[in-house]
Amino acid sequence: MDQNVGKYLIGIGILVVVAGLLIYFFHDKLGWIGRLPGDIRIEKERTKVYIPITTMLLLSLILTLVINIFRKLF
């Protein structure tokens, strides 16, 4: 194994802990996640389909920025 693998694992662990803390302490303020304009919801009698397009694009953008900043620092 390479030393960089250890750095990446530590970084991922820190991100998971930070995400967990944010969700734990701010769960009432994060209700908008999954209800953005562009998220598709189809609800019928027996079927519910949920496609969070806008939410996934936003999370992808945020994660890309965080990963690029992490790479610049290490």
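Let's start at the hairpin: four residues link β1 to β2. Strands here are DSSP E runs of at least two residues, helices are H or I runs of at least four, and both are numbered from the N terminus. This is a predicted model, so local features need pLDDT of at least 70 and side-chain atom pairs pLDDT 80 or more, while totals for chains, interfaces and linings use all residues. Residues are numbered from 1 along each chain as its sequence is written, and side-chain values use heavy atoms, with hydrogens and water left out.

Back to the strands. β1 covers residues 40–43 and β2 covers residues 48–51. They run antiparallel, joined by four bridges. Strands count as paired if DSSP finds at least two bridges between them. Isoleucine 40 stands opposite isoleucine 51 in β2.

Now the whole chain. The protein has two helices and two strands. From the N terminus, the order is α-β-β-α. The radius of gyration is 17 Å, well over the 11 Å that the globule rule gives for 74 residues, so the protein is more spread out than a compact globule. That radius is taken over C-alpha atoms, and the rule is 2.2 Å times the number of residues to the power 0.38. Along the principal axes, the C-alpha trace spans about 55 × 25 × 20 Å.

How much of the protein is buried? Of the 74 residues, 8%. Buried means under 20% relative accessible area, exposed over 50%, partly exposed in between, with a 1.4 Å probe and protein chains only.

Next, the surface. Ten names here: Leu15, Trp32, Ile33, Met56, Leu58, Leu59, Leu61, Ile62, Leu65 and Val66 form a nonpolar patch. Together they have about 850 Å² of accessible area, by Shrake-Rupley with a 1.4 Å probe. Patch members need over 30% relative accessible area and no salt bridge; nonpolar side chains are joined within 5 Å, like charges within 9 Å. A salt bridge is a Lys or Arg side-chain nitrogen within 4 Å of an Asp or Glu carboxyl oxygen.

Which element gives the largest share of the patch? Helix α2, residues 53–73, with seven residues. Leucine 65 lies in that helix, α2. Why does leucine 65 count as partly exposed? Because its relative accessibility is 48%.

Last, aromatics. The whole structure holds one aromatic pair. Tyrosine 24 and phenylalanine 25 sit edge-to-face, 5.0 Å centre to centre, with 85° between the planes. Rings pair if their centres lie within 6.5 Å; planes under 30 degrees apart are stacked, over 60 edge-to-face, the rest tilted. Tyrosine 24 is exposed at 60% relative accessible area, and phenylalanine 25 is exposed at 54%.

Note on methods:
Phe/Tyr/Trp six-rings, centres within 6.5 Å; stacked < 30°, edge-to-face > 60°.
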